[in-house]
Amino acid sequence: MSAEGTRGASVEQLYRELTEEGSVELTEDASGSAAVVDGVTGQLFPEESFQFEEDLVKHSLEELLLVLVALRDADTHGKGLMDDLSTLFDARLSPGTVYPRLHDLEDEEILEMHELVRTKEYRIDDAEAAREQIQAAMRQHLTLGFVFYSALQDI
């Protein structure tokens, strides 16, 4: 199999996209989590519909929550974040899965919570810690992807 796969982006292109700051080109009006997710999946897999595996979303839940909170301008409450997880990542996670992770991120002082009348909204409190956690997860997933890709050469 050549470096350029038959199903979208090459490993080298994927690596460049994930490691070069600002390399994913979104349209000027592309803002928010939906535009980012759609932009990335559309660039990597332009000729197919991409669907996330729920178990992988669950495994990376804290990082995805940080990303969603960072990309939202408002309504960063638990229900809205759960709706985003469902809509953008095909993950139907229970409140018993999502809220403890939000509370953990709050306890670690990466997120801050604002009590409103009937809900709680979340904001990034420690941007550097959030960046480090997301980057560490990205490196893990990228490296695992390279392992899978290399193994395909021998199968």
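**View 1. The salt bridge of D84 and R72.** D84 is buried, with a relative accessible area of 11%. Buried means under 20% relative accessible area, exposed over 50%, and partly exposed in between (1.4 Å probe, protein chains only). R72 forms a salt bridge with D84, and their closest N and O atoms are 3.0 Å apart. A salt bridge is a side-chain nitrogen of Lys or Arg within 4 Å of a carboxyl oxygen of Asp or Glu. This pair links distant parts of the chain: R72 sits in the loop between α4 and α5, D84 in helix α5, 12 residues apart. R72 is partly exposed, at a relative accessible area of 22%. Helices (H or I, at least four residues) and strands (E, at least two) are DSSP runs, numbered from the N terminus. This is a predicted model: local features need pLDDT of at least 70, side-chain atom pairs count only at pLDDT 80 or more, and totals for chains, interfaces and linings use all residues. Residues are numbered from 1 along each chain as its sequence is written, and side-chain values use heavy atoms, with hydrogens and water left out.

View 2. R131 is exposed, with a relative accessible area of 51%. E128 counts as partly exposed, at 44% relative accessibility.

**View 3. The salt bridge of E121 and R123.** The closest N and O atoms of this pair are 3.7 Å apart. E121 counts as buried, at 14% relative accessibility. R123 counts as partly exposed, at 31%.

**View 4. The largest nonpolar core.** This core has 23 residues. A nonpolar core is a set of buried Ala, Val, Leu, Ile, Met, Phe, Trp, Tyr and Cys residues joined through side-chain atoms within 4.5 Å. L65, L85, F89 and V98 have the most contacts inside the core. Two or more residues come from each of α4 (61-71), α5 (78-89), α6 and α7 (127-154). Helix α4 gives the largest share, 6 residues.

**View 5. L71 and A34.** L71 lies in helix α4. L71 is partly exposed, with a relative accessible area of 28%. L71 and A34 are 37 residues apart in sequence and 9.1 Å apart in space, C-alpha to C-alpha.
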